[in-house]
Amino acid sequence: MRSGHEEIMELLPEYLKGSLPGELGKEVQAHLEGCEECRNEVSFLREIVDSEVPDPGDLFWQSLAWRVRLTVEEKKKEEKFPLGFLVRRLPVGAAIAVALLLTLISLYPFKDKALVQDPFFKDPLTASVSDYSDTSEKDIPLIAEEITVDESYLPRENYKDLSYHKEFASLSSGEMESLYEALKGDEQSGG
Amino acid sequence: MKQMDEDIQFVERYLDGDTEAVDALVVKYQKRIYTIVYRMTRDVEDAKDLTQKTFIRAIEGIKGFRKESSFKTWIYRIAINTSLTHLKGNRHGERELDESIMGSHPGTLSTIIENEKRGFIRKGLDELPERQRLAVILRAYEGLSCSETAQVMGCSEGAVKAHYHHGVKRLKEIVKEKGYEIRT
């Protein structure tokens, strides 16, 4: 016998699995016939190996190879073109972006930009939301007075002398009629 | 040796651009990898998932296969590492023995006793220190030689022998403690 007891013991798992080459297998077989310790070892190994492994099914076995290949190829593509992931999802991303933009537009408080950059200027378009609670009656004549002295209505140099509008206001209806007739007559005579 | 040459041919074909060469390697080793992974995890779904992950990792890193060892020991090593990573990150609690011991396997008294004994052996295997468990799985269940087991585990043959003997010894003690006899 070429191999000793210890060496044969080391070969028992392979012997049980049937993976020993023919000659070595026969040597182990011959040793076992005369060695109780090795026979017991083989028996115990048979005991522990004799446990079932559940079969995951034909579908798993038949599809594993292509699933592995497919996954590896997909990963390679992603490595070559890292933005591929984004491009594939571009239509979805674009739709989301457009929806977001439309939402923002619809929520944006559009206002006509004020033409006059004056904090006291009340924009007529927003007048409905203006707060006049701090305006008293005293302010009203002041505003009217400002209008009467508005330079766009009166020449700057002699506006104080040209207060004929006050005189017209004091005329009675009869006087107004006679004034009208007089002016009409001037017009007809080419005055 | 012939088997090793065949595997290396498949690897070289794949590296030359023949992506379908992968299929041959997967078909050849899928059952062995699944069995090892199942014995490590004892969960069919985990084993299926980890088997696929093992092959994906192997193919992604196939350029790192130096052909110094066999493809078989190389992919076994990937399977073991993948399983250990999974187990460390996803440690299940104590597994119940119900499925294997009390079991839904009606039968004769001797069948029930055998099932019980298997259940305790399996539990004993789960409780072995990691290196001992690996050595027993690779040597006893997979029939790998000391040298192959050492390559898979990344240690010396002497260490494999020590781990294996301590592991088997502990399993024998468990069987004796429970009062079972070993069939001869």
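Angles between axes that lie under 35 degrees count as roughly parallel, those over 145 as roughly antiparallel, those from 65 to 115 as roughly perpendicular, and the rest as oblique. This is a predicted model, in which local features need pLDDT of at least 70 and side-chain atom pairs count only at pLDDT 80 or more, while totals for chains, interfaces and linings use all residues. Residues are numbered from 1 along each chain as its sequence is written, and chains are lettered from A, with ligands numbered from 1, in the order in which they are written.

**Chain A**

- The secondary structure of chain A consists of nine helices and zero strands, where helices (H or I, at least four residues) and strands (E, at least two) are DSSP runs numbered from the N terminus.
- Of the 191 residues in chain A, 9% are buried, a residue being buried if 20 or more other C-beta atoms lie within 10 Å of its own, exposed if 12 or fewer, and partly exposed in between, with C-beta atoms placed from the backbone.
- Helix α6 of chain A (residues 90-107) has 18 residues and reaches 25 Å from its first C-alpha to its last, close to the 26 Å expected at 1.5 Å a residue, the expected span being 1.5 Å times one less than the number of residues.
- α6(A) is hardly covered, since the count of buried residues among its 18 residues is zero.

**Contact between the chains**

- The contact takes 30 residues from chain A and 31 residues from chain B, two residues being in contact if their C-beta atoms, placed from the backbone, lie within 7 Å.
- On the side of chain A that touches chain B, the elements that give two or more residues are α1 (5-17), α3 (36-49) and α4 (58-80) of chain A, and the largest share, 11 residues, comes from α4(A).

**Helices α7 and α8 of chain B**

- The axes of helix α7 (residues 146-153) and helix α8 (residues 157-177) of chain B come within 8 Å and cross at roughly 100°, and α7(B) and α8(B) are therefore roughly perpendicular to each other.
- Axes here are lines fitted to C-alpha atoms, for helices over the stretch in contact, and angles run from 0 to 180 degrees between N-to-C directions.
- In this contact, B:C146, B:S147, B:T149, B:A150 and B:M153 of α7(B) meet B:E157, B:V160 and B:K161 of α8(B).

**B:R42**

- B:R42 is found in the loop between α2 (21-41) and α3 (44-60) of chain B, and B:R42 has a positive phi of about 55° although it is not a glycine.
- B:R42 counts as buried because it has 20 C-beta neighbours inside 10 Å.
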